[in-house]
Amino acid sequence: MSRREIGMAIGLTLSDPRLVVTEARQAEAAGFDLVAVGEHVFHHGGAPNPYVQLAAAAAATTRIRLLSSVSLLPLYPAALAAKLAATLDLVSGGRFDLGVGAGGEYEAEFAAVGVDPVTRFRKLDESLDVLQRLFTGERVSYDGEYTVLDDVALDPPPVQDGGPPIWLGGRGDGALRRAGRFAQVWMPYMVTPDRLAEGLVTARRQAEEVGRDPASIRGALFAFVCVDDDAVWARQTGTATVSRTYQQDFAPLAAQYLLLGSSDDVCSRIAEFTGAGAETIVLQVAATGPVDRRRVMQTLISEVLPKVAAS
């Protein structure tokens, strides 16, 4: 039985624009269910633009789904974000899933695009409302705090009915409320299985309160992974990579939040999260440099994917 048949999916994050075509094809051939690209305008390390990079992945593949993981929606005018998402959905033949979040941990990127980070949550809420309306393809008028639309329509509209599915990142109460109101998938990161399960209960309760089917909210997890036959190397490399990414010592948190060690270690941890309600696991390789990244990806493809499929 395949992962799709049991409602389970595994995704791979594509981090390097120079490798996006090669890695997207490799991921599709290996059996990953989706490829994902995160976003920062500026950060401690390099970060691509998800719309551009996923468009390249779309052109290089035919079946695999494409996810922004996540696009920092407050950095965009809502109408522009809707146009980018709809166009990517068209380019990919309806394979795009729009993952969004508030961001805010790196204030310099907000300053660079003229957005006050204090407004990011209000702007995110309004933008999600605007996107839902524009994705219908119908004419829309809107007079919001950040968005004014005067009888306009998104043309051409997205391929998918109602637009690309919305994945909502974040772990706080606001994120859970937002997921219940707008999202098809809640995808936190840096959570335990217990926290994931509790959050899904809350998001589904929020959905019910606004008249949505609570079962329509699915769970996912974004997780950094470093896996190798040398489990010690994997733990050290993964912890060091994430520590550099977030400019803090991640050693005390690694076992709790990262997927590290041998393939058995990583598969066991994935099983805990799927048992808590995660139907999709989006993996970000935590290894610096092309040699180490290929080493981890090879283990994911040859050992982790087959073991997850067989479990």
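Predicted model: local features only at pLDDT ≥ 70, side-chain atom pairs only at ≥ 80, totals over all residues.
1. Let's start with helix 8 (residues 231-246): its 16 residues reach 23 Å from the first C-alpha to the last, close to the 22 Å expected at 1.5 Å a residue. That expected span is 1.5 Å times one less than the number of residues. Helices here are DSSP runs of H or I with at least four residues, strands are runs of E with at least two, and both are numbered from the N terminus.

2. Residues are numbered from 1 along each chain as its sequence is written, and side-chain values use heavy atoms, with hydrogens and water left out.

3. Back to helix 8, whose buried residues include W233, T237, T241 and V242. Buried means under 20% relative accessible area, exposed over 50%, and partly exposed in between (1.4 Å probe, protein chains only). The buried residues of helix 8 pack against strand 10 (218-227), helix 9 (254-257), strand 11 (259-261), helix 10 (263-275) and helix 11 (290-310); contact means heavy atoms within 4.5 Å.

4. Now to strand 2 (residues 34-37), which is covered on both faces: L34 and A36 are buried on one side, V35 and V37 on the other. In a regular strand, side chains alternate between the two faces of the sheet.

5. Strand 2 has parallel partners: strand 1 (residues 9-13) over three bridges, and strand 3 (residues 65-68) over four. Pairing requires at least two DSSP bridges between the strands. A36 is a handy landmark, standing opposite T13 and also opposite L67 in strand 3.

6. How does the chain cross from strand 2 to strand 3? The path runs through helix 2 (residues 50-60), in a right-handed β-α-β crossover. Strand 1, helix 1 (residues 20-30) and strand 2 also form a right-handed β-α-β unit. Right-handed means that, with the strands pointing away from the viewer, the path from the first strand over the helix to the second runs clockwise.

7. Helix 2 also packs with helix 3 (residues 78-91), at an angle of about 10° and with the axes 9 Å apart. That makes the two helices roughly parallel, a label for angles under 35 degrees. Axes are lines fitted to C-alpha atoms over the stretch in contact, and angles run from 0 to 180 degrees between N-to-C directions. Among the residues making this contact are Y51 and L54 of helix 2 and L84 and L88 of helix 3.

Terms used
Parallel < 35°, antiparallel > 145°, perpendicular 65-115°, else oblique.
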